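Good morning, and thank you for making the time.

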Amino acid sequence: MLDGYIIEELRRREAERQRQERQRPQVEMPKHRDDDDNASQRSEKDEPATNSEGGSVVTIDF
C-alpha cells in the first residue's frame with residue numbers, strides 16, 4: 001500500500017497535467033464547409049466529380 005503522501009502527490013501531478021492540457025491551444029476542424037462564401041473562390045476542377053457529399057480521403061505517408 002502506498003503512503004498517503006505519495007497518493008496525494010500523484011493526484012496533484014495528474015491534476016496539474018490535466019490543467020495544462022486544457023490550457024493548450026486546440027484547432028477544431030469544421031464539420032461542414034460553407035458553400036456560399038467559398039463558391040466564387042473555387043474553380044470547377046476543385047469540386048469532386050462524383051461525390052456530392054464532399055467527403056475526402058487523405059493518405060499520409062511517413
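**A glutamate and its arginine partners**

The side chains of Glu9 and Arg12 are joined by a polar contact of 2.5 Å. By polar contact I mean a pair of N or O atoms within 3.5 Å; within protein, one must be able to donate a hydrogen and the other to accept it, and residues adjacent in sequence count only if both atoms are side-chain atoms.

Before going further, a word on the basis of these values. The model is predicted: local features need pLDDT of at least 70, side-chain atom pairs count only at pLDDT 80 or more, and totals for chains, interfaces and linings use all residues. Residues are numbered from 1 along each chain as its sequence is written, and side-chain values use heavy atoms, with hydrogens and water left out.

Arg12 and Glu9 also form a salt bridge, with the closest N and O atoms 2.5 Å apart. The term denotes a side-chain nitrogen of Lys or Arg within 4 Å of a carboxyl oxygen of Asp or Glu. Both residues lie in helix H1, 3 residues apart, which is about one turn of the helix. Helices here are DSSP runs of H or I with at least four residues, strands are runs of E with at least two, and both are numbered from the N terminus.

Which other residue forms a salt bridge with Glu9? Arg13 does, with its closest N and O atoms at 3.1 Å. Arg13 and Glu9 are 4 residues apart in helix H1, again about one turn.

Is Glu9 buried or exposed? Glu9 counts as buried, because its relative accessible area is 18%; the cut-offs are under 20% for buried, over 50% for exposed, and partly exposed in between, with a 1.4 Å probe and protein chains only. Arg12, at 48%, is partly exposed, whereas Arg13, at 53%, is exposed.

A further salt bridge brings together the side chains of Arg24 and Glu21, at 3.4 Å from N to O. Glu21 is partly exposed, with a relative accessible area of 33%. The structure holds 6 salt bridges.

Leu2, Tyr5, Ile6, Ile7 and Leu10 form a nonpolar surface patch with about 490 Å² of accessible area together. Patch residues have over 30% relative accessible area and no salt bridge; like charges are joined within 9 Å, and nonpolar side chains (Val, Leu, Ile, Met, Phe, Trp, Tyr) within 5 Å. Leu2 sits in the segment before helix H1 (4-23) and is partly exposed at 49%.

Overall, the protein has 2 helices and 0 strands. Of its 62 residues, 2% count as buried. The protein exposes about 6,900 Å², with carbon and sulfur atoms supplying 50% of that area; accessible areas come from the Shrake-Rupley method with a 1.4 Å probe, and for residues only the protein chains shown count as cover.
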